[in-house]
Amino acid sequence: MSVVHHPRKMLVTGGAGFIGCNFVRQILGEDPELEIINLDALTYAGHRISLEDVENRHSSRHHFLQGDIRDRKLLAEIFERHEIDTVVHFAAESHVDRSIDGPLDFIETNVMGTAQLLEAARSAWKGRSDARFHHVSTDEVFGSLDENGFFTEETPYDPSSPYSASKAASDHLVRAWARTYGMNVTISNCSNNYGPYQFPEKLIPLMIRNAVEGRPLPVYGDGSNVRDWLYVIDHCRAIAEVVRKGVSGRTYNIGGHNEMKNLEVVEILCDTVDALLPGEKPRRELITFVKDRPGHDQRYAIDAGRIDRELGWTPSVDFEKGLRETVRWYLDNEGWCRAVTEENYGGERLGQG
Ligand code: NAD
Ligand code: TDX
């Protein structure tokens, strides 16, 4: 049934990570009546510094709590004390390469953590239909495409990596809680995000950083793998639409209409860095082909027709513009990059199995 949902007390999990911090910043700016409890364990990927401006600007409506989604007692206290009416669940281990090196953390957080959160919501909400649980997921649950076709909401699940298998499991749990307990849930599966505050282990920020510092740009395999790039601000707008207007029990695919081979992405990045920060040699010379990722999905492409038809959402930021903004943001925020990586990531290759 289509009923507009008005979030008032929102529990955001993983709101100190890349997409979560952008979401919190955006939705608090848009909705002056919304209050957010931001629960994040601050793993290597989550940093308070990504929320500095949010905490200054919205101190009365943004409450940060450091804690783990697997901590059921903490969750119960949060639901009770803050009278949560909406959950937007981002918290996850999110990097495919790390899931190849150490899959169990992914099962713990992505599967068990989601189950704990669902149970906490079920027990606090007791069948309320006006409280909503939104689960943020990925197109990687659908596996890999060859050169044809798109993932729709009906595409069968066929995950390849421990990361995508754990996200697939969490999607199934959310649907099961809707069918079995009547919980009001929505799910979104989106393509690769890029933009400000992304931890520099992922392709785009890693390449920007390496290009700026004159280090090799490691392209896996022959660089022909295709991803559909979505600007994080567009993604956050889509999530807000689904939370407010999505049909209970329904899944929405979110994509950028922007398929590109990895090698092309890296080349455009090199040219963008060259234009904004001219160097002695073209950065394309730093491109280095390296051993492929085990189980590397060849192509992802999203059919985002449902969210367009039903909720009127389409991506608005074109890739070259989004990438320019992103490169500029990383150039202007080298201090952020240093702060989030200094203790735990030096740009080394991850995920060789
Ligand atoms: P991220 O790794 O940048 O952030 C994840 C956040 O979750 C971090 O702040 C981390 O501290 C927190 N966290 C991890 N384990 C936790 C735990 N046990 N308890 C509480 N907090 C915990 O990830 P992201 O890129 O912002 O992704 C957010 C969500 O979106 C994830 O669920 C991911 O699967 C999904 N997603 C991401 C992309 C993408 O391109 N980045 C694409 C599709 C879907
Ligand atoms: O150094 C690299 N070289 C390279 O060629 C890295 C880090 C990646 N790659 C390739 C692998 C992928 O084909 O670039 C592509 C993008 O890689 P990632 O940035 O690691 O993203 P991906 O594996 O596609 O997963 C991302 O999108 C879906 C997010 O990390 C997931 O959280 C999300 O669910």
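Q: Which residues come nearest to ligand 1?
A: In this predicted model, the nearest are Ile19, Asp40, Ser94, Tyr163 and Lys167, out of 29 residues around ligand 1.

Q: OK, and what polar side-chain atom lies 2.6 Å from an oxygen atom of ligand 1?
A: That one belongs to Tyr163. Asp68 also has a polar side-chain atom there, 3.0 Å from a nitrogen atom of the ligand.

Q: Which residue brings a backbone N or O atom to an oxygen atom of ligand 1?
A: Asn193, at 2.8 Å.

Q: How much of ligand 1 does the protein bury?
A: Taken alone, the ligand exposes 830 Å², and 97% of that is buried by the protein.

Q: Which helices and strands each supply at least two residues of that shell?
A: Helix H1 (18-30), strand S5 (132-138) and helix H6 (162-181). S5 gives the most, with 3 residues.

Q: How do the shell residues divide into nonpolar, polar and charged?
A: There are 13 nonpolar, 12 polar and 4 charged ones around ligand 1.

Q: Switching topic: at what angle do H3 and H5 cross?
A: Roughly 40°, with the axes of H3 (residues 72-82) and H5 (residues 103-125) coming within 9 Å.

Q: Is that crossing left-handed or right-handed?
A: H3 passes H5 in a right-handed crossing.

Q: And which residues make the contact?
A: From H3 you've got Arg72, Leu75 and Phe79. The H5 side includes Gln116, Leu117, Glu119 and Trp125. By type, the contact residues of the two helices come out as 7 nonpolar, 2 polar and 2 charged.

Methods: Residues are numbered from 1 along each chain as its sequence is written. Chains are lettered from A and ligands numbered from 1 in the order in which they are written. This is a predicted model: local features need pLDDT of at least 70, side-chain atom pairs count only at pLDDT 80 or more; totals for chains, interfaces and linings use all residues. Side-chain values use heavy atoms; hydrogens and water are left out. A residue is near a molecule or strand if one of its heavy atoms lies within 4 Å of it. A polar contact is a pair of N or O atoms within 3.5 Å; within protein, one must be able to donate a hydrogen and the other to accept it, and residues adjacent in sequence count only if both atoms are side-chain atoms. Accessible areas come from the Shrake-Rupley method with a 1.4 Å probe; for residues, only the protein chains shown count as cover. Helices (H or I, at least four residues) and strands (E, at least two) are DSSP runs, numbered from the N terminus. Ala, Val, Leu, Ile, Met, Phe, Trp, Tyr, Cys and Pro count as nonpolar, Asp, Glu, Lys and Arg as charged, and the others, Gly among them, as polar. Axes are lines fitted to C-alpha atoms, for helices over the stretch in contact, and angles run from 0 to 180 degrees between N-to-C directions. A crossing is left-handed if the near helix is turned anticlockwise from the far one by less than a right angle, and right-handed if clockwise. Contact means heavy atoms within 4.5 Å.
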